[in-house]
Amino acid sequence: MAKKTKYLSVREIQNAYEIVISSKVVHADLEEELDSVMHMLFFQTRSHIQMDLSNLPYLPITLLTKLLNMARDLRLKKRVLVLNGLTLASLHYLKRFGLTKLVFPSEAILRESHRDPRG
């Protein structure tokens, strides 16, 4: 399944599906498309999901909350959601509330997945 939608690219990788957000701005259409793709992958596959957020300059708390809810739901099905390209502010939020294990199954993935603030 390699599908290009208006704001997302979805492709199958080893043991997972990767979603890349190509938009630089979070808006209602992007969130609606993301919800649709995430729910399709949740219900129609048994794979893990990896999301690349590196194109977004910031991650609104509403979208982060949706992603955390999806990560929790995937965990209940013995699957994981891994977030790559996470902003430093979002990473601090996850650490502050003890939520890093929800989207980073190991310390190595945590170290590799967040952005370097120097570019």
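**Ground rules.** I'm working on a predicted model, where local features need pLDDT of at least 70, side-chain atom pairs count only at pLDDT 80 or more, and totals for chains, interfaces and linings use all residues. Residues are numbered from 1 along each chain as its sequence is written, and side-chain values use heavy atoms, with hydrogens and water left out. Helices (H or I, at least four residues) and strands (E, at least two) are DSSP runs numbered from the N terminus.

**Entry: α2.** (Expected span is 1.5 Å times one less than the number of residues.) Its buried residues (under 20% relative accessible area, 1.4 Å probe, protein chains only) are Leu 63, Leu 64, Leu 67, Leu 68, Met 70, Ala 71 and Leu 74. Down the axis of α2 they fall within an arc of 165°, so they line one face of the helix. That arc is taken from the directions from the helix axis to the C-beta atoms.

**Entry: α1.** I listed the buried residues here too: Leu 30, Glu 31, Glu 33, Leu 34, Val 37, Met 38, Leu 41 and Phe 42. They pack against β2 (8-13), β3 (16-21), β4 (48-52), α2 and β5 (81-84). On the face turned away from that buried side I found Ala 28, Glu 32, Phe 43 and Gln 44, which are exposed (over 50% relative accessible area).

**Entry: the pair.** The axes of α1 (residues 28-44) and α2 (residues 61-76) come within 12 Å and cross at roughly 5°, so I put the two helices down as roughly parallel (angles under 35 degrees). Contact (heavy atoms within 4.5 Å) involves Glu 31, Leu 34, Asp 35, Met 38, His 39 and Phe 42 of α1, with Thr 62, Leu 63, Lys 66, Leu 67, Met 70, Asp 73 and Leu 74 on the α2 side.

Entry: Asn 15, in the loop between β2 and β3, has phi near 60° and is exposed at 57% relative accessible area. Lys 78 sits in the loop between α2 and β5; its phi is near 65°, and at 73% relative accessibility Lys 78 counts as exposed.

Terms used. Axes are lines fitted to C-alpha atoms, for helices over the stretch in contact, and angles run from 0 to 180 degrees between N-to-C directions. Angles under 35 degrees count as roughly parallel, over 145 as roughly antiparallel, 65 to 115 as roughly perpendicular and the rest as oblique.
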